[in-house]
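Hi,

Here is the structure I promised to pass on.

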Amino acid sequence: MSTQLKSFGDAARPHAARNRWEKPLLYLVLTLLSVATLFCLIWMFYTSFKSNAEITMNIFALPTQLHFENYVNAWQTAKIGVYLFNSVYVATVAIVLTVLVSAMAAFILSKFTFRLQRLVYTMFIIGMLIPLQSVLVPLFIQMRNLNLLNTHWSLIFSYTAFGLPISVFILESFMRSFPDAIIEAAVMDGCSIPRVFFQMILPMSRPAIATVTILNFLNNWKEFSFALIFINDDIKKTLPLGLYNFLGAYSSNYAELMAALTISSIPIILLYLILQEQVINGMTSGAVKG
């Protein structure tokens, strides 16, 4: 008996020593990744207060004097405020349409049985494999035929269409785990299907909806190709096109560009801070299912 205990202790000793080193090593790797990620934001922030001469002399040095006029010039002269409003408007409307349509499609695909159900779901999944660049010319012709060129609706419809595949995939997987008995009980109590969807399914799907919102908002916020092809009027351009104006063929205003980038990062950071709890809940609930 004592021999067996001794052999068990000898076998457990290397395992305990390995666990003692695994956690500090994991923390070290996560710390390095966090520093690498945050350094870009921190560098962009303090560079926005430097002059172009200071940026040219030493790109990583701290500013010797805070140049708040970079933000004033970026907001007024470069019309970042106009571009910011256009991006917020286009991204918000596209997100509302994407979440509403994808949630309804996911509800039908996950909780109802009908002919060609698998084919419809497969078509949504195939949509994730279509490169954006491959449909620029057909979409341009289609928008021209619909008289939507040079309007925000050309961007809204395009962003909604490209956001549907990943949104349906996430929401359908999440809704599939809901017990059918809840929906059946609601229907037996006289609740209509639209009421079940809006009053039961949508509130229960908040974590997945938060994830879909952040993913699509990021894609819509930084999208450049559609905006470049569809929009001509300067007053209707979105933020990525406005940021491109700071880069010229012979000179570039990096100081004001960093200020504009800092302004453009604020809505994304605020959105994540607002929805981070729902995103984390969605990740943890997905991790323990099954």
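**Pockets, a cavity and a few helices**

Helix H7 (152–175) and helix H10 (206–222) each give at least two residues to the lining of the largest pocket. Helices here are DSSP runs of H or I with at least four residues, strands are E runs of at least two, and both are numbered from the N terminus. Before you go further: this is a predicted model, with local features needing pLDDT of at least 70 and side-chain atom pairs counting only at pLDDT 80 or more, while totals for chains, interfaces and linings use all residues. Residues are numbered from 1 along each chain as its sequence is written, and side-chain values use heavy atoms, with hydrogens and water left out.

On how the spaces were found: on a 1 Å grid over the protein atoms alone, a cavity is a set of points where a 1.4 Å probe fits but cannot get out, whereas a pocket is an open set with protein on both sides within 12 Å along at least five of seven lines; lining residues have an atom within 4 Å of a point. Grid points are joined across faces, edges and corners, and a volume is the space filled by probe spheres set on the points.

The largest pocket holds about 350 Å³ of space. It has 18 lining residues, and those closest to its centre are Ile 130, Leu 132, Phe 162, Gly 163 and Asn 219. H7 provides the largest share of that lining, six residues. By class, the lining splits into ten nonpolar, six polar and two charged residues. For the classes, Ala, Val, Leu, Ile, Met, Phe, Trp, Tyr, Cys and Pro are nonpolar, Asp, Glu, Lys and Arg are charged, and the others, Gly among them, are polar.

The second largest pocket comes to about 260 Å³. Its lining has 13 residues, with Trp 221, Leu 261, Ser 264, Ser 265 and Ile 268 nearest the centre. Helix H1 (2–47), H10, helix H12 (239–244) and helix H13 (254–288) are the elements that give two or more residues to this lining, and H13 gives the most, with five. Here the classes are ten nonpolar, two polar and one charged.

What about enclosed space? There is one cavity of 30 Å³ or more, and the largest cavity has a volume of about 40 Å³. Its lining is Ser 87, Val 90, Ala 91, Tyr 159, Asn 220, Trp 221, Thr 238 and Pro 240. H4 and H10 each give two or more residues to it, and H4 has the largest share, three.

Now H9 (residues 193–204). Val 196, Phe 197, Met 200, Ile 201 and Leu 202 are buried in this helix (under 20% relative accessible area, with exposed over 50% and partly exposed in between; 1.4 Å probe, protein chains only). These buried residues pack against helix H4 (80–111), H7, helix H8 (180–188) and H10.

Phe 112 sits in the loop between H4 and helix H5 (117–127). Its relative accessibility is 29%, so Phe 112 counts as partly exposed. Leaving aside neighbours within four places in sequence, Phe 112 is in contact (heavy atoms within 4.5 Å) with Phe 107, Gln 117 and Ile 193.
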